[in-house]
Amino acid sequence: MALVRTYRALLLAGFQQMAQYRIQSLLWMLFAIIRPVIFLAAWVAIATAQGGAVSGYTVGDFAAYYVCLAWVTQLVMAWNSQEFEWEVNQGRLSAKLLRPLHPIHYSIVDNIVYKVTTLPVLAVILIVISVAFGAHYQTQPWHVVVFVPSIILAAALFFVFGYIVASLAFWATRMRTANTLWQRASFVFAGQIAPVALMPVWLQAMAYGLPFWYMQGAPTEILQGTATPERAAFILVGQVAWLIVCYAVFRVVWRRGVRAYSAVGA
Amino acid sequence: MSDAVVHVRGLEKIYKVHERETGVGATVRSFFKRKFKDVPAVGGIDLDIERSEVVGFLGPNGAGKTTTLKVLSGLLYPTGGDATVLGYTPWKREYAFLRRIALLMGNRTQLVWDIPAADSFLVLKQIYGISDADFKSRLDGLIELLELGPLIHKPVRQLSLGERMKVEFAAGLLHGPEVVFLDEPTLGLDVSMQARIRRFVSELNKRTGATILLTSHYMDDIVALCKRVIVIHHGKLLYDGALADLAERMAPYKVVGATLRDGAARADLSRYGEVVSNDGAGRVKLRVPRAEAPARTARLVADLGDALADLSLEDPPIEDVIDRVFSGEKLQAVAS
């Protein structure tokens, strides 16, 4: 109960704070969906030039995929790794470490606040894109049911992975390169540049062996309705496995990182 | 097991610092092999602080004061030694421990900048699990003591430095900590705000019985608040005892103030002691060895006779003592 009350108070303060930066929040949201929209436009152009489809993906399929990817990106995206570097380098983490609440909770709350405040605008934009490109969804009711645990697992995986990257700030003054590496890996392996199913087999194999696809591409396939029951089961198992691995790594990295923390600047 | 609220034995903290020479070669080499240097910040100090004591922690920049406070509040892991605060090992950062201590660091903000402090206080109330009654009474007390009334409803970023400091204090003390570590609480504040913060800290100690360990570069803070001081330098403890005894223990000299009548202003008094100042109008200050002070003063009186209008024999100002200690001049390490 105490944690629920704490979350309620943090959420309230978070919404008050977010109200001060409405324009910035909207710009961040637009930044997050601009990439899927660019890729959608590119694939639509290619598909149209090739007679309406690429490897069986029609314009409507691409539209459905990228609209779903934008939804998924919005729901899983967390900025904790970037913010954490700033907090460590500025010594702002110190105040949080000295309170009887794990610093991860502040990030979770910030994340929820960001999503809730930007979701309505995103919904309008994506509906417009959906209609404009004639998105073709194959989603069955069971896809929606499976999507719920899948997106929660994806968001948790993204968040914990982000915290592992963030924790590098305990040792490295600048860890933006680690963030950039993660973004570039996601570019290919998370299904941003193209649906993984359209990639060469060896690249698909790599994507299935890395965590990035389970964060974005996999739940996108479920929401879009292209995943078979077997593939959905494969996705959920992969997400659970990666979440367990990442959480274990996070625990070790965090414990060691806090020991190495030099509280510079505060 | 000691009964002291803060119990420290052989505490050490060594920072590993990346070191590199200048030049292209050194830069290239540092890509492949990094050289690290051990920088000892705290070099094995012992101290005990009893409940409700207000202790001043003195030392120049880099002496290890802040590092010690950070270790004792649980922010840093020590390299060696042992410490307990309220019976807890600080760096384990148990929530039961964190609810009973506070580390307040100068102008470092703990509050959310974009919302009024009153809203941040409500968040802290839930984080620390403060009851409604305690929250109200403590907040009322802090508002009264710090004159916070109109400030807590303004967004924090609109407050001046001094105002922000005051609400920071309130935020850090809402949970009623039994041990408070104060690092440079008056840094950057104007004289009037410094005095107000001093009064507040003194009142806090009286009202709540909180144990306070305080660092400050302003001797006025220390003189106003602390009966006991701990002096550290290069991470080593130089002195631990009464502020009143510090000059006697650390400075091997006293100051003779002589006021001379007309005509004697240019008299050479250097044979009685080291002339510290001579304003040319008859007021002269001499530094004399502590052990010889009575004899030299007596000789001065006898030699000058009626030319002497006034005479005083005092301990040197505490700032001078500290300055001489930290600059290594006539250093007498008398840690006890």
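I count two residues as in contact if their C-beta atoms, placed from the backbone, lie within 7 Å. The model I am reading is predicted.

**Entry 1, contacts of Val160(A).** I left aside the neighbours of Val160(A) within four places in sequence. Val160(A) is then in contact with Leu243(A), Cys246(A), Tyr247(A) and Phe250(A).

I next looked up the largest nonpolar core, which holds 166 residues. Val160(A) and Leu157(A) are the members that touch the most others in this core. I then checked which element gives the largest share, and found helix α7 of chain A, residues 141–167, with 14 residues.

I looked up the backbone here and found phi near 70° for Ser52(B), a positive value in a residue other than glycine. I place Ser52(B) in the chain B loop between β2 (35–49) and β3 (54–58). I list Ser52(B) as partly exposed because it has 14 C-beta neighbours inside 10 Å, and a residue is called buried only at 20 or more and exposed at 12 or fewer.

I find Leu86(B) in the loop of chain B that runs between β4 (80–85) and α3 (95–98). Its count is 18 C-beta neighbours inside 10 Å, so I list Leu86(B) as partly exposed.

Methods. Residues numbered from 1 in each chain as written. Chains lettered and ligands numbered in written order. Predicted model: local features only at pLDDT ≥ 70, side-chain atom pairs only at ≥ 80, totals over all residues. Core = buried A, V, L, I, M, F, W, Y, C linked by C-beta atoms within 7 Å. Helix = DSSP H or I, 4+ residues; strand = E, 2+ residues; numbered from the N terminus.
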